[in-house]
Every structure is written in C-alpha cells, then in structure tokens.
Amino acid sequence: MNGQGLYSITELTHEFGITTRTLRFYEGEKLLNPHREGRKRLYSSRDRARLVLILRGKRLGFSLAEIREIIEMYDLEPGESGQIQRLLECIARHRSKLVEKREDIDEILSEMARVTAVASQRLDEIKNKTVQSDET
C-alpha cells in the first residue's frame, strides 16, 4: 500500500493468493473499480474491502450475482442493515443445501458400507468353497 491508501494489483494478488486474471475478472464484472494511472491500476481501500467480501462469498458458495447484490446493498437503502439481512438469508439458504448434500453423502456412504460388507462376505464364501474343493 502506498501512502495514499492505494494498492497495486501485485500487492492484492500476493496478499490474497489470487491471480491477476482473477482480479481483472472481478474488475470486468464491475465488482472492483480501480483508479488508473496510465496502464497502472491502483485499488482503493474500498476495493480491497470489496475483494475481501467477494472472496469470502465465493468460499461460502455464493454466486457472483449474490455477491454483487450484497456488496451493492451497502450503498442503498436500508444500507448496512439490509446488506447484513441479505447476507444472513444467503447463508441460511446455502447452509440448508449443504446439510441436504451432507445427508445424501452420509446415506451413500452407509449404502457403500453395506454393499462392501455383503460383497466381502460373499467373496470369503467363494474363497472358502475353492479351498474346500481343492482339499478334496
């Protein structure tokens, strides 16, 4: 960061472990709006804060549309409280989907365990029959 509270593309990519392509993609999606000095992009503290929100939203499984909506709500009525309410709604919806997926995965794993047990038992029976027929 320079003395004016601005960040270069290199500083942000290193800090957040993302590529320049990723940062430019978010800029192209109008989620970030860097100041330009010639060919050089300089990101404000506001852009940096938005990047934090974007990356957090992606980790939580939010779509870019949901992230955009949440970020833009900050500047609209009812402001931050509306933004937080929308965030909580998105979290609840995504959490519900993840719980369903976890239940599906648990069910599949249980079925796999049952099939494995039956197949292993049957394989042991076949092996035992082969050993017994070889002995006679």
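**Close-up 1. Helix α3 and the second largest pocket.** α3 gives the largest share of this pocket's lining, three residues. Helices here are DSSP runs (H or I, at least four residues), numbered from the N terminus. This is a predicted model, where local features need pLDDT of at least 70, side-chain atom pairs count only at pLDDT 80 or more, and totals for linings use all residues. Residues are numbered from 1 along each chain, and side-chain values use heavy atoms, with hydrogens and water left out. A pocket is an open set of points on a 1 Å grid where a 1.4 Å probe fits, with protein on both sides within 12 Å along at least five of seven lines; lining residues have an atom within 4 Å of a point. This one has a volume of about 170 Å³, and Glu27, Lys30 and Asn33 are among its lining residues.

**Close-up 2. The largest pocket.** Here you get about 360 Å³ of space. Of the 17 lining residues, Ala49, Leu53, Ile70, Ile71 and Gln83 lie nearest the centre. Two or more lining residues come from each of α3 (45-59), α4 (64-73) and α5 (80-135), and α3 gives the largest share, six residues.

**Close-up 3. A nonpolar patch on the surface.** Ile105, Ile108, Leu109 and Met112 team up here, with about 390 Å² of accessible area together (Shrake-Rupley method, 1.4 Å probe). Ile108 sits in helix α5.

Key. Points joined across faces, edges and corners; volume = space filled by probe spheres on them. Patch = residues over 30% accessible without salt bridge, like charges linked within 9 Å, V, L, I, M, F, W, Y side chains within 5 Å. Salt bridge = Lys/Arg side-chain N within 4 Å of Asp/Glu carboxyl O.
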